[in-house]
Amino acid sequence: MDKKNIIYDYQRGCTTERKPQGELVCKFSNGSCKLGVFNWMEDIKQGNSDLFEIRFKNTRKGIYRNTSNQIIKRGDIVVVEANNGHDVGIVTLDGPVIDKQLVRRKINKDEYEFKKIYRKAKTLDIERWQEAIAREHATMIRSRQIAAAMGLNMKIGDVEFQGDGTKAIFYYIADERVDFRQLIKVFAEEFRIRIEMKQIGARQEAGLIGGIGVCGQPLCCSRYMSDFKSITTFAAKCQDLSLNPQRLAGQCGKLKCCINYEAAVYVDAHKSLPQVHSPLEFEDGKAYLVKTDTLKGIMWFSYDPDSMANMRPLEAEEVRNVIHLNRKGIRPASLLQDNINKDKQPEFMSAAGEESISRFDEKEKKKNRKRNTPKNTQDGEGNNEKKPRKNNKNKNFKRKDKPTEQTTDR
């Protein structure tokens, strides 16, 4: 198999290859699916369910009922029912896990009217499907130009063609209400298809387009998130995060969804900490709260409210005791006394596990020069005698005299 001829469609989660005979082959690629679901009940056989999850472009997918009497399995490309005409999608889930998806989507299996799966896609269906996909990018660029020429305050983020090529969904973003009735007429005359306009938010646009976050992983909204909850700055404040808009904002321009992940843990941890509304009073001065380690339950105080140089840690219970004493008019001796401060030091550790930050500095090497000192020896009478130094010079060596300068009279 020549991998050069394979085209990876990450928006729909499939690969396309044109065979030398001219046949077009499409296969499902699980690793490139947005909002992919792991079928953890794959080996469980529980009855013959006729419900399947069908995936389309980006994060759009739905649950359909198989009425074709064909054996359909995960990875098959099928033709399904649409509002007008038919659509083409890929089967991504089957079996008992579908019931769990229905519960998550709050769908009653007995009362909900599912759309139908007509048949497995034939070669002609796949050819027409790929021709419609090839028109999407050019249509999106042209639609943006038309919307800008008409002066509409909107942004068209993506275009999705139906499997039969007779209809297209235009996903757009707008801060205000937009009257696009005239725009639909222009689109219909320009592209000769049925038009459907669908408004989405900034977070949904990021999920449709995808990307890599600052953590180095794919965006959560394109990987597994389908329900977007409101995010406020309170979630950042309770975690003592810097209220810097550039750091708190994601690629969509809104607050990052991951800020809410640990917010509930910090809210519960704050309940176990005492409320410090005024500085703690000691005999040698007032101690101000500088920072708080919420999860460890340690609060750092300093005599200077504008400096973090001489901070002293106190546990939550110790702070409560000091506040209780201050209310009675009692001032402890000092913030530095042993019964309050138990020699807690800031835990600053490097990634290598060493505390010294100057360990890579070049140190001056000490030169250890051994001097040739004569060793003292004792003779037979106990007197110390010095051994004469050995002359290692060659006895036959003759020193050459320096040449003398000769002067001549002119």
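Predicted model: local features only at pLDDT ≥ 70, side-chain atom pairs only at ≥ 80, totals over all residues.
Strand 2 (residues 14-18) runs antiparallel to strand 3 and is joined to strand 3 by five bridges. One of the residues involved is Arg18, whose bridge partner in strand 3 is Leu24.

Helix 3 comprises 14 residues, 136-149, and spans 20 Å from its first C-alpha to its last, close to the 20 Å expected at 1.5 Å a residue. Its buried residues are Glu136, Thr139, Met140, Ser143, Ile146 and Ala147. Viewed down the helix axis, the buried residues of helix 3 fall within an arc of 130°, so they line one face of the helix. The face turned away from this buried side carries the exposed residues His137, Ala138, Ala148 and Ala149. The cover over the buried residues includes helix 2 (123-134), strand 9 (155-161), strand 10 (167-173) and helix 4 (181-191). After helix 3 comes Gly151, which has a positive phi, near 75°.

In soluble globular proteins, nonpolar side chains tend to be buried together. The largest nonpolar core of the model has 20 residues, of which Met154, Ile156, Phe170, Phe187 and Met197 touch the most other members. At least two residues of this core are supplied by each of helix 3, strand 9, strand 10, helix 4 and strand 11 (194-199). With neighbours within four places in sequence left aside, Met154 is in contact with Ala147, Tyr172, Ile173, Ala174, Val178, Leu183 and Met197. Another core lies apart from the largest one; it has 13 residues, including Cys33, Val88, Ala121 and Ile133.

Two further buried positions were examined individually. Ile117 belongs to strand 8 (residues 115-120). Its relative accessibility is 0%, so Ile117 counts as buried. Beyond the neighbours within four places in sequence, the contacts of Ile117 are Phe52, Ile54, Tyr64, Arg65, Asn66, Thr67, Ser68, Ile72, Val78, Val79 and Val80. Ile117 and Asp50 are 67 residues apart along the chain, and their C-alpha atoms are separated by 9.7 Å.

A second sheet to be described is open and has four strands, arranged in the order 12-13-14-15 with antiparallel pairing. Its edges are strand 12 (280-282) and strand 15 (312-315), each of which pairs on one side only. The twist from one strand to the next averages 40°. Strand 12 and strand 13 run antiparallel and are joined by three bridges, and Glu281 has Lys286 in strand 13 as its bridge partner. These two strands form a hairpin with two residues between them.

The pairing continues from strand 13 (residues 285-293) to strand 14 (residues 298-302), which are linked in the antiparallel sense over five bridges. Within this pairing, Asp293 stands opposite Ile298, and Tyr288 stands opposite Ser302. Strand 13 and strand 14 likewise form a hairpin, here with four residues between the strands. Gly297, in the turn of this hairpin, has a positive phi of about 75°. Helix 10 (residues 316-327) lies across strand 12, strand 14 and strand 15 of the sheet, and runs at about 90° to strand 15.

Conventions: Residues numbered from 1 in each chain as written. Heavy atoms only, no water. Expected span 1.5 Å × (residues − 1). Buried < 20%, exposed > 50% of the residue type's maximum accessible area, 1.4 Å probe, protein only. Arc of directions from axis to C-beta. Contact = heavy atoms within 4.5 Å. Core = buried A, V, L, I, M, F, W, Y, C linked by side-chain atoms within 4.5 Å. Pairing = 2+ DSSP bridges. Axes fitted to C-alpha atoms, helices over the stretch in contact; angles between N-to-C directions.
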